[in-house]
Amino acid sequence: MSEREQSPAAGTRGTDDWREQTIPGIQPVTAPIGAGPGYSPGPPPPAPGYAPRPAPGYSTTPVRVRRPDSLASLLLLLAGIAAAVSLLMRWLPGSELTGWDLVRRGFDDAADGGVAAVFENGFWQPMAVVLGGAVLFLLGLLVVLPAHSHRFLGVLALLVSLVAGAGILVPLAAEGWDADTIDTGFWFAVAVPVLGLLGALKAMLTGPRWR
């Protein structure tokens with residue numbers, strides 16, 4: 001047999017050996033006519049019946065939920081109610097003056113001598129407690145409304161509670177912290193800054209809820 005007759009058989013045997021070394025069922029990738037040396041076959045076409053998954057019609061980013069702060073609202077409302085009850089009762093033993101009488105005298109002094117007269121006569125103390133309780137009651141109504149956060153209202157309630165607390169601590173310190181020098185109305189007045197402080201802290205420390 002001549003060399004010309006042996007060469008096709010040798011070429012066929014080399015191709016068969018290459019096919020046997022590959023994974024069964026995998027056909028060799030052939031470059032199209034005219035493709036350069038850097039040809040890449042690219043991704044395979046999608047299988048029959050395949051459909052791409054559509055993007056969701058909603059956002060997956062967490063959002064803040066608007067909600068009320070019921071507990072903070074309750075505490076602030078109770079502070080306002082305590083201030084209203086203190087208007088109907090006596091603040092000092094042995095005196096017939098109620099909280100309303102003390103507040104009215106404070107307004108009379110403010111009308112006659114200005115704010116300086118109110119601080120000089122000491123009537124600013126019951127006015128700070130009663131008016132502070134009224135403001136806390138309004139803030140309690142606002143805190144119950146749904147919102148992302150009630151921290152700003154909590155800060156306002158804290159400031160009002162501190163002013164009302166000053167109206168309680170100053171006369172108590174002047175009397176030597178003697179409980180016998182105060183009456184029932186004053187005890188309701190004490191509840192105003194205490195409840196207001198608790199409600200303010202609750203509104204301030206409650207962070208937003210995410211969903």
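Where is the place of Trp 177? In this predicted model, Trp 177 lies in the loop between α6 and α7. The residue is not a glycine, yet its phi has a positive value, near 60°.

The protein comprises 7 helices and 2 strands. Read from the N terminus, the order of the elements is α-β-α-α-α-α-α-α-β. The chain has 211 residues, of which 31% are buried.

For α5 and α6, the angle is about 160° and the axes are 8 Å apart. The two helices are therefore roughly antiparallel, since angles over 145 degrees fall in that class. The crossing of α5 past α6 is left-handed. Helix α6, which spans residues 151-174, also packs against helix α7, residues 184-205. Here the angle is about 155°, with an axis separation of 8 Å, and α6 and α7 are therefore roughly antiparallel to each other. The α6 and α7 crossing is left-handed.

The loop between α5 and α6 contains Pro 146. With a relative accessibility of 46%, Pro 146 is classed as partly exposed. The C-alpha atom of Pro 146 lies 4.2 Å from that of Pro 68, although the two residues are 78 positions apart along the chain.

The structure holds 4 salt bridges. One of them joins the side chains of Lys 202 and Asp 69, with an N to O distance of 2.8 Å. This pair connects distant parts of the chain, 133 residues apart: Lys 202 belongs to helix α7, whereas Asp 69 sits in the loop between β1 (64-65) and α2. The two partners fall into separate accessibility classes. Lys 202 is partly exposed, at a relative accessible area of 26%, while Asp 69 is buried, at 5%.

A salt bridge is also formed by the side chains of Asp 183 and Arg 90, with an N to O distance of 3.2 Å. These residues, too, come from distant parts of the chain, being 93 residues apart. Asp 183 is in the loop between α6 and α7, and Arg 90 is in the loop between α2 and α3 (99-113). Asp 183 has a relative accessible area of 15% and is therefore buried, the limit for this class being under 20%. Arg 90 is partly exposed, with a relative accessibility of 32%.

Arg 104 is partly exposed, with a relative accessible area of 43%, and Asp 101 is buried, at 16%.

A nonpolar patch on the surface is formed by Leu 71, Leu 74, Leu 78, Ile 81, Phe 137, Leu 138 and Leu 141. Together these residues present about 610 Å² of accessible area. The elements that contribute two or more residues to the patch are α2 (70-86) and α5 (124-143). The largest share, 4 residues, comes from α2. Phe 137 is one of the patch residues and is located in helix α5. Its relative accessible area is 31%, so Phe 137 is classed as partly exposed. This value meets the requirement for patch membership, because residues of a patch must have over 30% relative accessible area. Helix α5 therefore takes part both in the nonpolar patch and in the roughly antiparallel packing with α6.

Terms used. Residues numbered from 1 in each chain as written. Predicted model: local features only at pLDDT ≥ 70, side-chain atom pairs only at ≥ 80, totals over all residues. Heavy atoms only, no water. Patch = residues over 30% accessible without salt bridge, like charges linked within 9 Å, V, L, I, M, F, W, Y side chains within 5 Å. Areas by Shrake-Rupley, 256 points an atom, 1.4 Å probe, with all protein chains shown as cover. Buried < 20%, exposed > 50% of the residue type's maximum accessible area, 1.4 Å probe, protein only. Axes fitted to C-alpha atoms, helices over the stretch in contact; angles between N-to-C directions. Parallel < 35°, antiparallel > 145°, perpendicular 65-115°, else oblique. Left-handed = near helix turned anticlockwise from the far one by under 90°.
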